[in-house]
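Hi,

Here is the structure I promised to pass on. Have a look at it first, and my notes on what turned up follow below.

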2 protein chains.
Amino acid sequence: MKFIIQRDRLVHSVQEVMKAVTSRTTIPILTGIKINTTTEGITLTGSDSDISIQSFIPAEEDGNEIVEVQTSGDIVLNARFFSEIVKKLPMDTVEIEVQTNFQTIIRSGKAEFNLNGLDPEEYPHLPIIEEANLFKLPTDLLKTLIRQTVFAVSTSETRPILTGVNLKVENDELTCIATDSHRLAMRTANIESKINGTYSVVIPGKSLNELSKILDDTNELIEIVITENQVLFKAKNLLFFSRLLEGNYPDTSRLIPTDSKTDVIVKTKELLQAIDRASLLAKENRNNVVKLLTHDGGVIEVSSNTPEVGKVVEEIVAEAIEGEELKISFSAKFVMDALKALEGTDIKISFTGAMRPFVICPLHDDRMLQLILPVRTY
Amino acid sequence: MKFIIQRDRLVHSVQEVMKAVTSRTTIPILTGIKINTTTEGITLTGSDSDISIQSFIPAEEDGNEIVEVQTSGDIVLNARFFSEIVKKLPMDTVEIEVQTNFQTIIRSGKAEFNLNGLDPEEYPHLPIIEEANLFKLPTDLLKTLIRQTVFAVSTSETRPILTGVNLKVENDELTCIATDSHRLAMRTANIESKINGTYSVVIPGKSLNELSKILDDTNELIEIVITENQVLFKAKNLLFFSRLLEGNYPDTSRLIPTDSKTDVIVKTKELLQAIDRASLLAKENRNNVVKLLTHDGGVIEVSSNTPEVGKVVEEIVAEAIEGEELKISFSAKFVMDALKALEGTDIKISFTGAMRPFVICPLHDDRMLQLILPVRTY
């Protein structure tokens, strides 16, 4: 195997596949990046067996030569060393050549590295995925769906299924749901292509976070293929595989209240900042609890009190308050996470009493919903 | 005590004095920031008993009112809570009012905090320093002196005196020296004002790092006052006190070789980058050791070799090589630290053999010197 490549393209692809490589693996070959060279170009693969990422660098693009392939072949190189080396090479091009015993020469300018490679035959094969049932949506929309839901997954392994995001496809609609059983985030969007049947799978939150990091903010379509135990995201020159979580995701639809006793419409930013300030003196508390009261005259009071430290009270003029008077306590963190995830300048909060979950939605958009359980303090 | 202040000025001063406050103190009052209010303005103080920082906010500046003092007085407020609160207040002005039992109201817009204060009588008094013998130098020059030496202090407490920078004043010259006994950094500069007698004190490296962070990059003069066990740095509206380390700093002058057997002149950046690359494959080694060889034809070879990982070799064309052929090994980290600290595009390295310390200087400047002990590998 021997090729010469533009260094910036190699650095970019190495950084992409590095997102899947962990040093904490018990499988030595997975500490490496696999490089496959054909006359078409170079394919890099990184994997931690949960996530696998493949990045392709074409030999030619828009009439420009990116890679000059001299001999085809495969090699696995230690990911940590290889990524640091390519980042620090002195020139704009790099020559990589595999010699006997997987010894690999990396040349750039007058710098020459000789890295001990690993046997590419030992590298696990990526799942072969039938693309019978793929659907598409704009990449930036997928990133938004992930951003608006993934923060609500559980970080505890007591119910492993809740560490993932439930992805449902039905009637040309994609719905993402995440919950840690104290709060729930849900977002629905249209998909671009017809799909046969319905799907409901659970993708690890960690996988979606990593995916989100390497996807560009573009409205180009990304393809999603779901199989029994894998999901594949296909973007330009990039394949992202993740295993699915096993088990049934709980039915969350019955958790969402359909009626409400108090409705508050308020500017997202004003409420977010007031809760942020109130939470400053609630830090020592379990769950970082703040209180919210409605007053006559369309005023909301946000407060917290930690006797050892002090207390804080702030009033906000709401856009509208309808229904019963309300006194409720909740986790400042959960409500701030929810408010940050929502789009739009105004939100509507629907309460059904101090001890019942409440729903936060953008004012004129029912495809996005955040549900939060209050905390009992009164 | 009651005053109204411009929030950005308060935030800035709180951040300055926070540099001296640590949450790990065993003295509860030192977890607080002391606020002293007079008709002249507000003085904030933070201290961890090694370092004390005082920041003054004048009531009026250039004809603009910064603080409206309504009642004078003192209070101590929890530094962590107070700094977070002032950062997040909603309006451009803040009202602070101390009530009975040190209860302190912080008001901004519709947000009102009620913070439990501490008794200001319990706050330790700052040292009273006689300003008989002060000297001055430009602030940015002081910052450069610190940057070029402080990295070389020892991080080990086996010889506590070496965790500080030796500051010597003699003949209107200031010299800073730091060594961890494997390397030494030295820098001399002229001071702006005559001083009686000579001084040699040792300032903790940590103090100088914190000082450097809060000083502006300005050529305004900073005043330095040295006493028996304290040093005081006086900048505009800012006092920075540090205790001195006790004990005698070792005489380092005899460590610096006066002759040399091999002199190499090379571009700083080229050598730095080549050593950086060579060190990539030396990471697993003790001390991160790389080798340097001189070749005929004015060429330097930088290399490293870790059999389990691989090896790297790079050649650099030197500006000049004079004297005996050389083969030497050294800590890549120490030489990179030294090269980063030096100014100028070209440096001269003077070697006196593979087992003797070598000296790195800017090409035409003998007021700046880095000395490094080699590592025995050949």
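Predicted model: local features only at pLDDT ≥ 70, side-chain atom pairs only at ≥ 80, totals over all residues.

**What's inside**

The largest nonpolar core has 101 residues, and the ones with the most contacts inside it are Leu10(A), Ile35(A), Phe82(A), Phe233(A), Leu271(B), Ile275(B) and Ile360(B).

Leaving out its neighbours within four places in sequence, Ile35(A) is in contact with Met1(A), Phe3(A), Ile42(A), Thr43(A), Leu44(A), Gly73(A), Asp74(A), Ile75(A), Leu77(A) and Phe82(A).

**The two copies**

Chain A superposes on chain B through a rotation of 180 degrees, with 0.0 Å of shift along the axis and an RMSD of 0.0 Å. The two copies are therefore related as by a two-fold rotation axis. Both use the same surface, too: 100% of the contact residues of chain A recur in chain B.

**A covered helix and a loop residue**

Helix α3 of chain A, residues 139–149, is mostly covered, with 8 of its 11 residues buried. The buried ones are Thr139(A), Leu142(A), Lys143(A), Thr144(A), Leu145(A), Ile146(A), Gln148(A) and Thr149(A).

Thr227(A) sits in the loop of chain A between β17 (221–226) and β18 (230–235). Is Thr227(A) buried or partly exposed? Its relative accessibility is 23%, so Thr227(A) counts as partly exposed, given that buried means under 20%. Not counting residues up to four places away in sequence, Thr227(A) touches Ile129(A) and Leu244(A). As for Ile161(A), 66 residues away along the chain, its C-alpha atom is 17 Å from that of Thr227(A).

**Salt bridges**

Side chains of opposite charge can pair when their charged atoms come close. Over all chains the count comes to 38 salt bridges.

Lys206(A) pairs with Asp48(A), with the closest N and O atoms 3.7 Å apart. Lys206(A) belongs to helix α4 (residues 205–214) and Asp48(A) to the loop between β3 (41–47) and β4 (51–58), so this pair ties together parts of chain A that are 158 residues apart in sequence. Lys206(A) is partly exposed, at 49% relative accessible area, whereas Asp48(A) counts as buried at 15%.

Glu319(A) forms a salt bridge with Lys267(A), and here the closest N and O atoms are 3.6 Å apart. Glu319(A) is in the loop between β23 (310–317) and β24 (320–323) and Lys267(A) in strand β20 (residues 262–267), so the pair links parts of chain A that are 52 residues apart in sequence. Each is partly exposed: Glu319(A) has a relative accessible area of 44%, and Lys267(A) has 34%.

Lys267(A) also meets Asp346(A) in a salt bridge, at 3.8 Å from N to O. Asp346(A) is in strand β26 (residues 346–351) and Lys267(A) in strand β20, so this pair ties together parts of chain A that are 79 residues apart in sequence. Asp346(A) is buried, with a relative accessible area of 17%.

Finally, there is a network to look at: salt bridges that share partners join Lys2(A), Glu95(A), Glu97(A), Arg107(A) and Glu112(A).

Cheers

Technical notes:
Residues numbered from 1 in each chain as written. Chains lettered and ligands numbered in written order. Heavy atoms only, no water. Core = buried A, V, L, I, M, F, W, Y, C linked by side-chain atoms within 4.5 Å. Buried < 20%, exposed > 50% of the residue type's maximum accessible area, 1.4 Å probe, protein only. Contact = heavy atoms within 4.5 Å. Helix = DSSP H or I, 4+ residues; strand = E, 2+ residues; numbered from the N terminus. Least-squares fit on C-alpha atoms with pLDDT ≥ 70 in both. Salt bridge = Lys/Arg side-chain N within 4 Å of Asp/Glu carboxyl O.
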